[in-house]
Amino acid sequence: PGPKPDGGAPGAVESGLPSHENGKFVSMEPRPDNPFLLKSSEPLEKVDERELAVSPQEVFNIMFADDAPANVRFSIEATGQFDAKMAPWSEEREMDGMIERSRDVTSMCKIPAAPFGPKETRVHRCQVVRRSADFRKFIVQTSAASVDAPYGNDFVCNDVLEVHSDASGARIVAKGRIVFSKKPWKMIETRIRTAAMDGMRIALTSWIETAQKHIAN
């Protein structure tokens with residue numbers, strides 16, 4: 001199925017991620033079972049919104065381009081993750097009137113002390129950017145899954161960054177949600193959901209603030 005609008009957001013998609021057959025991606029084995037899971041009735045929670053005094057295209061160049069000075073590593077490192085690796089964006093393709101690219105991003109994350117199991121987990125992210133032809137709006141969706149953590153293949157963290165032009169230059173809105181493909185006990189699900197959303201909020205806010213500081217300087 002093709003992309004579906006998500007609440008009227010500019011260029012937002014609910015599903016229909018590319019197959020990655022022709023992309024350039026970071027090698028990660030084993031890949032998570034559900035790294036691209038985005039079909040869900042789970043609502044997206046707004047975690048940040050602010051104005052940036054540059055155009056949407058400049059926001060992309062600062063935060064998302066292959067050589068971006070305030071790239072996704074700032075988001076990853078804000079939550080204590082490390083060893084971040086980004087693949088180059090794939091070739092552009094047109095899809096439903098928008099221009100789309102995708103890439104993989106990986107990192108490592110410490111797992112809180114436990115009597116059994118691994119001490120670290122690999123984190124795999126699929127990122128998809130869709131923009132208008134005039135670059136006045138774009139949206140970046142990220143779907144992240146832990147490979148080695150307990151229950152890591154049972155859920156993904158979805159975040160969405162929407163950027164569109166306004167009177168000040170650009171407005172950026174960050175949203176997130178946790179999507180379970182297989183739900184554990186309710187108590188465990190609640191703990192996972194709370195911790196993951198808290199981490200997502202810290203990561204996205206820190207990343208946007210880093211970009212804002214770069215713009216100011």
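**Close-up views of a predicted model**

**View 1. Surroundings of Phe60.** Neighbours within four places in sequence set aside, Phe60 is in contact (heavy atoms within 4.5 Å) with Ala65, Trp89, Val129, Phe135 and Phe138. Phe60 counts as buried because its relative accessibility is 8%, where buried means under 20% relative accessible area, exposed over 50% and partly exposed in between (1.4 Å probe, protein chains only). The model is predicted: local features need pLDDT of at least 70, side-chain atom pairs count only at pLDDT 80 or more, and totals for chains, interfaces and linings use all residues. Residues are numbered from 1 along each chain as its sequence is written, and side-chain values use heavy atoms, with hydrogens and water left out.

**View 2. The ring pair Phe60 and Phe135.** Rings of Phe, Tyr and Trp (its six-membered ring) pair if their centres lie within 6.5 Å; planes under 30 degrees apart count as stacked, over 60 as edge-to-face and the rest as tilted. The count comes to 8 aromatic pairs. For Phe60 and Phe135 the centres are 5.6 Å apart and the planes at 55 degrees, so this pair is tilted. Phe60 belongs to helix α1 (residues 56-63) and Phe135 to the loop between β5 (120-131) and β6 (137-146), 75 residues apart; helices (H or I, at least four residues) and strands (E, at least two) are DSSP runs, numbered from the N terminus. Phe135, at 12% relative accessibility, is also buried.

**View 3. The loop residue Pro118.** Pro118 sits in the loop between β4 (98-110) and β5 and is partly exposed at 39% relative accessibility.
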